[in-house]
Amino acid sequence: MSSESLVSVDVDLERDGKQFGNLAVPQSTNSSGWAKYFVPVVVIKNGSGPTAVLFGGNHGDEFEGPVTLMNLARKLDPSAVSGRVILVPMLNRPAVQAGTRLSPLDGCNMNRAFPGQPHDTITGMIAHFVSSTLLPLADLVVDIHSGGSSMHFLPSVNMHEVANRDQMQQMLDAGRAWGAPYVFIYRDVAGSGLLPSLAEQMGKVTLGTEMGSRAQFGVETLGLTARGVENVLGWAKVIEPPAGQETSEPRFVAATEEADYIMAPASGLFEPLVELGDEVQAGSVVGRIHDLEQPDREPCAVTADTSGMVMARRAIPLTGQGEMVAALVRPFEL
Ligand SMILES: [Zn+2]
């Protein structure tokens, strides 16, 4: 079977100037036996120089990326670029339009679908096109996320700790350049196949973000995202660094232990007892889960097994067993 992508693109990735176009993903549906599903892509190129590839809407209920990248696509003039900027504002467009984390078309999580396959459901086909065509072009990869519907986050730029020290240092420098309050080093506790993981493995300077959550979506998180993207493009010398944007030194934090990601031991109504930014000691209670069927029962205590600061916490009160209720971080040094 061919490893060639079945996804076509109607922009010339090598041409100077600004082009708005689409990835076209083959589909065959009840309403159209022969169809293409369009995913917008924008290329802004001016001569030779580094290539930055930026994604929004990898998860459909995280809207900071789509807004920021659509604004940037309209605003950024090719004359201001040295090199190339490729924007995919709604990577999982079916999910963005549905406002859901996962695609309504195939139930798949785009950020678990990498590297994808040429013959796959729509999510895997898009992932495969990105893996095989867009990521190899990139010097800098940015994948904009937030906590979406289910999690609140302290605003951060994030990454894994990669083995290559030079790559790691560049990623930390790029993270510092963003201007977010935190640079957060995380580990995967909920599966593999992440876009940033693949980009990191390919040796790219890769930044993810957790800009807030659906409930926190607003002027502040959008400003942090828009300024951060411009700052990082400036850091990568794809555009002139924006003038007059004072950025303070972020706090570098990491959740390195499996136990830093606290999962609910039982299902029920989660009552948080700690808030974002609170310091938690190992053994202390971070929340309680009420049994909706047996109100006379004492709620189930959720205890931390590690010590650290609350970086993220659950945003949905109703909680299923095994769902994350909080993540703890400690200071990080390379
Ligand atoms: Zn996400």
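A residue is buried here when its relative accessible area is under 20%, exposed when over 50%, and partly exposed in between (1.4 Å probe, protein chains only). By that rule helix α3 is mostly covered, with 11 of its 13 residues buried. This is a predicted model: local features need pLDDT of at least 70, side-chain atom pairs count only at pLDDT 80 or more, and totals for chains, interfaces and linings use all residues. Residues are numbered from 1 along each chain as its sequence is written, and side-chain values use heavy atoms, with hydrogens and water left out.

- Helices (H or I, at least four residues) and strands (E, at least two) are DSSP runs, numbered from the N terminus.
- Helix α3 covers residues 122-134. The expected span of a helix is 1.5 Å times one less than its number of residues.
- Buried residues of α3 include I122, T123, M125, H128 and F129.
- S103 sits in the loop between α2 (93-98) and α3. S103 counts as buried because its relative accessible area is 3%.
- Contact means heavy atoms within 4.5 Å. Leaving aside neighbours within four places in sequence, S103 touches N92, P94, A95, C108, I122 and T123.

**Zinc site**

- Donors are N, O and S atoms within 2.8 Å of the metal (3.2 Å for Na, K and Ca); water is not among the atoms, so sites may look incomplete.
- The protein donors of the zinc ion are H59 (ND1), E62 (OE), E62 (OE) and H145 (ND1), at 2.0 to 2.3 Å.
- The donor residues follow the spacing H-x2-E-x82-H in sequence.
- Four donors count as tetrahedral if all angles lie between 85 and 135 degrees; four count as square planar and six as octahedral if opposite donors are over 155 degrees apart and all others between 65 and 115; anything else is irregular.
- The zinc site is irregular because its four donor atoms subtend angles of 58 to 146 degrees.
- H59 is buried at 2% relative accessibility. E62 is buried, also at 2%.

**Nonpolar core**

- A nonpolar core is a set of buried Ala, Val, Leu, Ile, Met, Phe, Trp, Tyr and Cys residues joined through side-chain atoms within 4.5 Å.
- The largest one has 38 residues, and L54, L87, W178 and L233 have the most contacts inside it. Helix α4 (residues 165-178) gives the most to this core, with five residues.
- Beyond neighbours within four places in sequence, L87 contacts P40, V41, V42, I44, L54, L69, L72 and A73.

**Helix α1**

- Helix α1 has 12 residues and reaches 16 Å from first C-alpha to last, close to the 16 Å expected.
- E64, G65, P66, T68, L69, L72 and A73 are its buried residues. They pack against β2 (17-27), β3 (35-46), β4, β5 (83-88) and α6.

**Aromatic pairs**

- Rings of Phe, Tyr and Trp (its six-membered ring) pair if their centres lie within 6.5 Å; planes under 30 degrees apart count as stacked, over 60 as edge-to-face and the rest as tilted.
- The count is two aromatic pairs.
- F63 and F217 pair edge-to-face, at 6.4 Å centre to centre and 80 degrees between the planes. F63 lies in the loop between β4 (51-55) and α1 (64-75), and F217 in the loop between β10 (205-210) and α6 (219-235), so the pair ties together parts 154 residues apart in sequence.
- F63 is partly exposed at 26% relative accessibility, and F217 is partly exposed at 34%.
- F184 and Y186 form a tilted pair, at 6.1 Å and 45 degrees. F184 is buried at 4%, and Y186 is buried at 16%.
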